[in-house]
Amino acid sequence: MMYPNMARIIHLRGRFVTAVFKRFFSPTSSLDPSFGLTKEQIAFQNLALNFARNEMAPHMKTWDAEEFFPVEVMRKAAALGFGGVTIREDVGGSGLSRVDCSVIYEALATGCVSTTAYMSIHNMCAWMIDEFGNSEQRTKYLPSLCSMERFASYCLTEPGAGSDAANISTRAVREGDHYVLNGSKVFISGAGDTDLYVVMCRTGQSGAKGISCFVVEAGTPGLSFGRKERKIGWNSQPTRMVVMENCRVPAANRIGTEGQGFSIAMKGLNGGRLSVASCSLGAAWAAMEHTSRHMKERKAFGQPLANFQYLQFKMADMATDLVASRLMVRTAASALQEGKPNAVSLCAMAKLFATDKCFAICNEALQLHGGYGYLKDYPVQQYMRDCRVHQILEVANAVPAPVPPVVDDVPAPVPPVVDDVPAPVPPVVDDVPAPVPPVVANAVPAPVPSVVANAVPAPVPPVVVNAVPAPVPPVVDDVSAQARHPLQAARAQALHSPLQVARVQALLVWQLIAVLCYQSK
């Protein structure tokens, strides 16, 4: 049975999605990344976009293939103020807000995600020194970091302590006016090619309160590095292990007080999560732009891919996820800037949501390119590879939030019973065969023509709405199935209940919608 308004609903949804697709990245559309920004923020965004377009995007493929660390290009970016975005101006920083920072990183990432991600890590290290260092430390380190004359690396993760950062084992023992550091850090971006290492070490008791923060300069005796890691993405920045063996660091290089290191590290990561999420936004944004152009140029079945309404649905869903991710990131950035009590939670949520959704967008963009998306000549594969690691960094997305403790003597809530229909019971192995479920569509499928890519819909065979269930084989016995197997009888009754029939009818309606959407073209 076809509902009288169903055809109109399908028609209106199709017109809506087509309109969204045609207005993709229009300056007047809500998909415009400058939507909601101030004039000053739009100026920052345009400056970063122009730099990404002219200085980064043309070299992105080469940097990835040759694993080249583009020091001089980053110094050009620093000359525009991108070396110390949130650093105070008295030491050479730009003094911008967290929202400004997110806008800039998103724009730069359209040119190269990997390089922008390293720049965000460098900025995070500089912010930690600016926020928690004393005046001598700020004057000594920050001017050269803001100009990117010197580069910094963040050293927290260890072989046995990743997201569980409070359990690091690298130790720093006080000896006069020095600390002696012993231990190793892994997955350190820039290691071996950078000049300063912001290192978290254990100076006291176990747990978070026994950790302190130090700046270790390159060339310090006892500081060495492992081999350069071979990675799926992020190839424009080197990644190595950092090893400290009786590494003597002046006590003047400690940032903050003893035992404050974990707090410093976590506050740095609040901004780091926003930066990584912003880089994911840039990757997704660029991937969608490339995909939009490809779909208008590439033809299949005698017409551009952009004419297929199914693919327009895909692009509309991707655009929705991108805008939602951007709003979450900017909301969290605003909360962090203003010191809101829920800022930490919002940063974690934004990082989780945006990195998951943006990777899915890049992956779908690759799919919409078909076989071309799998070639390194097309940039969507690099956006996908580079933003994949963002789901692992700054506390992996797979690490669950703490579960509230169970209160004794309070029973756990029981899930409600849905419409009093018993759950299906596996058939009893006996002489009596289990009931056969009703057939939803034709038993013999029509031949399907070859498909160019999974994203391009092939012609769909007609669906029989009023499907007739196959007959149930007779019971070979004088005793009824209900008498011998009451659970089977209950299951059979549930399968033919009004609720189950309604569910089958709903499924058939949605299948009919799919057919109509395809045939409407």
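The model is predicted, so local features need pLDDT of at least 70 and side-chain atom pairs count only at pLDDT 80 or more, while totals for chains, interfaces and linings use all residues. Residues are numbered from 1 along each chain as its sequence is written, and side-chain values use heavy atoms, without hydrogens and water.

**Chain**
- The chain holds 14 helices and 10 strands (DSSP runs numbered from the N terminus: H or I of at least four residues for helices, E of at least two for strands).
- Of its 521 residues, 46% are buried (under 20% relative accessible area with a 1.4 Å probe, protein chains only).
- Contacts (heavy atoms within 4.5 Å) between residues at least 6 apart in sequence join residues at least 24 apart in 75% of cases.

**Largest pocket**
- A pocket is an open set of points on a 1 Å grid over the protein atoms alone, with protein on both sides within 12 Å along at least five of seven lines; lining residues have an atom within 4 Å of a point.
- The largest pocket contains about 830 Å³ of space (the volume filled by probe spheres set on the points, which are joined across faces, edges and corners).
- It is lined by 33 residues, and Thr 157, Phe 187, Val 389, Ile 392 and Leu 393 are the closest to its centre.
- At least two lining residues come from each of helix H6 (113-132), strand S3 (178-189), helix H8 (261-297) and helix H11 (380-388).
- By class, this lining has 20 nonpolar, six polar and seven charged residues (nonpolar: Ala, Val, Leu, Ile, Met, Phe, Trp, Tyr, Cys and Pro; charged: Asp, Glu, Lys and Arg; polar: the others, Gly among them).

**Cavities**
- A cavity is a set of grid points where a 1.4 Å probe fits but cannot get out.
- The whole structure has two cavities of 30 Å³ or more.
- The largest cavity has about 80 Å³ of space, and its lining includes Thr 86, Ser 120, Asn 123, Met 124 and Trp 127.
- Helix H5 (98-109), H6 and H8 each give two or more residues to the lining of the largest cavity, which divides into four nonpolar, seven polar and one charged.
- The second largest cavity has a volume of about 50 Å³, with Ser 102, Leu 274, Ser 278 and Ala 333 among its lining residues.
- Arg 98, Cys 101, Tyr 105, Gly 271 and Ser 275 line both cavities.

Key
Buried < 20%, exposed > 50% of the residue type's maximum accessible area, 1.4 Å probe, protein only.
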